[in-house]
Amino acid sequence: RTLWGHGGLRCIYRGLGVCLAMDLVSGAIYFGGNRKLTLVASDWSSRQAFPPPELLVLVCAGSISGMMSWTSIYPLEVVRNRMAGQAFGSYSALEVARQTYLSGKPEPSASAFFRGLKPTLLRSCLCDGCFFATYWLVSTSLNKIC
């Protein structure tokens with residue numbers, strides 16, 4: 001009710017364009033990158049005299065694809081989070097991006113868009129590596145059953 005009262009329908013969908021752009025880019029990199037990395041790493045490891053365990057290959061491919069995805073969309077994530085923290089209907093995505101750029105320390109710079117990227121990449125490395133390893137192992141097991 002509060003959102004509707006302040007800005008109507010437009011206020012409820014505020015920031016949707018930024019979210020859609022983020023999801024399109026990150027989904028393509030996340031899933032497409034993982035598929036390609038898994039195939040390349042599996043092909044490489046099969047040609048080695050002492051191949052690494054399959055699980056290690058899957059975890060590494062998942063970690064790398066997750067980190068590539070987050071690195072590519074992180075500036076949009078910063079803008080989206082700052083938009084969510086603004087007062088109702090106060091600024092557009094471009095205005096928030098401009099404010100973010102100007103908030104760079106000690107002088108305005110693009111580095112303001114990447115503040116906090118390191119902990120995000122660490123989390124992504126751990127979570128996405130485990131997620132994709134689990135996904136591929138379950139998918140392979142189900143394919144053998146069906």
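Which residue forms a salt bridge with Arg-80, and how far apart are the closest N and O atoms? Glu-77 is the partner, with the closest N and O atoms 2.8 Å apart. The legends below describe this pair and other close-up views.

The model is predicted, so local features need pLDDT of at least 70 and side-chain atom pairs count only at pLDDT 80 or more, while totals for chains, interfaces and linings use all residues. Residues are numbered from 1 along each chain as its sequence is written, and side-chain values use heavy atoms, with hydrogens and water left out.

**View 1. Overall fold of the protein chain.** The protein chain has 5 helices and 0 strands, in the order α-α-α-α-α along the sequence. Helices (H or I, at least four residues) and strands (E, at least two) are DSSP runs, numbered from the N terminus. Of the 146 residues in the protein chain, 28% are buried. Buried means under 20% relative accessible area, exposed means over 50%, and partly exposed lies in between (1.4 Å probe, protein chains only).

View 2. The structure holds 3 salt bridges, a salt bridge being a side-chain nitrogen of Lys or Arg within 4 Å of a carboxyl oxygen of Asp or Glu. Arg-80 and Glu-77 are 3 residues apart in helix α3, and therefore about one helical turn separates them. Glu-77 is buried because its relative accessible area is 11%. Arg-80 has a relative accessible area of 26% and is therefore partly exposed.

**View 3. Cys-19 and Arg-80.** Cys-19 belongs to helix α2. With a relative accessible area of 25%, Cys-19 is partly exposed. In sequence, 61 residues separate Cys-19 from Arg-80, and the C-alpha to C-alpha distance is 7.2 Å.

**View 4. Packing of α2 against α3.** Two packed helices are described by the angle between their axes and the distance between the axes. Here α2 and α3 pack at about 165 degrees, with their axes 7 Å apart. The two helices α2 and α3 are therefore roughly antiparallel. Axes are lines fitted to C-alpha atoms, for helices over the stretch in contact, and angles run from 0 to 180 degrees between N-to-C directions. Angles under 35 degrees count as roughly parallel, over 145 as roughly antiparallel, 65 to 115 as roughly perpendicular and the rest as oblique. The crossing of α2 past α3 is right-handed; a crossing is right-handed if the near helix is turned clockwise from the far one by less than a right angle, and left-handed if anticlockwise.

**View 5. Packing of α2 against α5.** Helix α5 spans residues 117-145, and its axis lies 12 Å from that of α2 at an angle of about 65 degrees. The arrangement of α2 and α5 is therefore roughly perpendicular. As α2 passes α5, the crossing is right-handed.

View 6. Phe-31, Phe-131 and Tyr-135 make a nonpolar surface patch of about 320 Å². Patches are made of residues with over 30% relative accessible area and no salt bridge; like charges are joined within 9 Å, and nonpolar side chains (Val, Leu, Ile, Met, Phe, Trp, Tyr) within 5 Å. Accessible areas come from the Shrake-Rupley method with a 1.4 Å probe, and for residues only the protein chains shown count as cover. Phe-31 is located in helix α2, residues 16-46. Phe-31 counts as partly exposed because its relative accessibility is 49%.

**View 7. The salt bridge between Arg-47 and Asp-43.** The closest N and O atoms of Arg-47 and Asp-43 are 3.4 Å apart in this salt bridge. Arg-47 is exposed, at 57% relative accessibility, whereas Asp-43 is partly exposed, at 43%.

**View 8. The salt bridge between Glu-95 and Arg-98 in helix α4.** Glu-95 pairs with Arg-98 in a salt bridge whose closest N and O atoms are 3.0 Å apart. Both residues, Glu-95 and Arg-98, lie in helix α4 (residues 93-102), 3 residues or about one turn of the helix apart. Glu-95 is partly exposed, with a relative accessible area of 24%, and Arg-98 is partly exposed at 44%.

**View 9. Pro-53 in the loop between α2 and α3.** Pro-53 sits in the loop that runs between α2 and α3 (54-84). A relative accessible area of 52% makes Pro-53 exposed. Pro-53 and Ser-42 are 11 residues apart along the chain, and their C-alpha atoms are 10.0 Å apart.
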